[in-house]
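Please look through the model shown below with this short report beside it. The report takes up the aromatic rings and then some features of the surface.

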Amino acid sequence: MSIKNKNFPYILFTIFMIFEVSIFLLNKLTSIDAKGSGFDYYINIFLSPWLWVTLIIALVQLVLWRKLLSKAELSLVYSLSSLSYPVTMLISNYMFKENLHMFVWLGGALISLGVLLVGSSSSK
């Protein structure tokens, strides 16, 4: 199967990717909100609403992942899910004003190229 295959679950995969990137971003928000040091730091994380939203999304994402695996090959879906890293880079650059080095952008481009190659190939 390839992403060119009309049976590929595009909508399900897109929703999965949105959840994947959301989890990364929510983890960042959780860590930004956490104050203090030692035990207080962990209490602040535990009390953060972002943590609980992240956990709920992660549970839904797990269900989506299982559904994806029932409809597409693991080798393809897992490779395509790597797109979450360059997408997260783009959003974090905008949302958190992170200053990413040129090599980080190059790495994201290489991941995207690899995903393109894997996604356009078909199994025999």
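## Aromatic rings

Rings of Phe, Tyr and Trp (its six-membered ring) pair if their centres lie within 6.5 Å, and planes under 30 degrees apart count as stacked, over 60 as edge-to-face and the rest as tilted. This is a predicted model, in which local features need pLDDT of at least 70 and side-chain atom pairs count only at pLDDT 80 or more, while totals for chains, interfaces and linings use all residues. Residues are numbered from 1 along each chain as its sequence is written, and side-chain values use heavy atoms, with hydrogens and water left out.

By the ring rule there are seven aromatic pairs. In one of them, Phe-8 and Tyr-10 have ring centres 5.2 Å apart and planes at 65°, so this pair is edge-to-face. Phe-8 is buried (under 20% relative accessible area, where exposed means over 50% and partly exposed in between, with a 1.4 Å probe and protein chains only), its own value being 5%, whereas Tyr-10 is partly exposed at 40%. Ring pairs also join Phe-8, Tyr-10, Phe-13, Phe-16 and Trp-65 into a cluster.

## Lysine 28

Lys-28 belongs to helix H1, which covers residues 10-33 (helices are DSSP runs of H or I, at least four residues, numbered from the N terminus). With a relative accessibility of 33%, Lys-28 is partly exposed. Beyond its neighbours within four places in sequence, Lys-28 is in contact with Phe-96 and Glu-98, contact meaning heavy atoms within 4.5 Å. The C-alpha atoms of Lys-28 and Pro-86, which are 58 residues apart along the chain, are separated by 16 Å.

## Leucine 117

Leu-117 is found in helix H6, residues 102-120, and is exposed, with a relative accessible area of 56%.

Methods. Helices (H or I, at least four residues) and strands (E, at least two) are DSSP runs, numbered from the N terminus.
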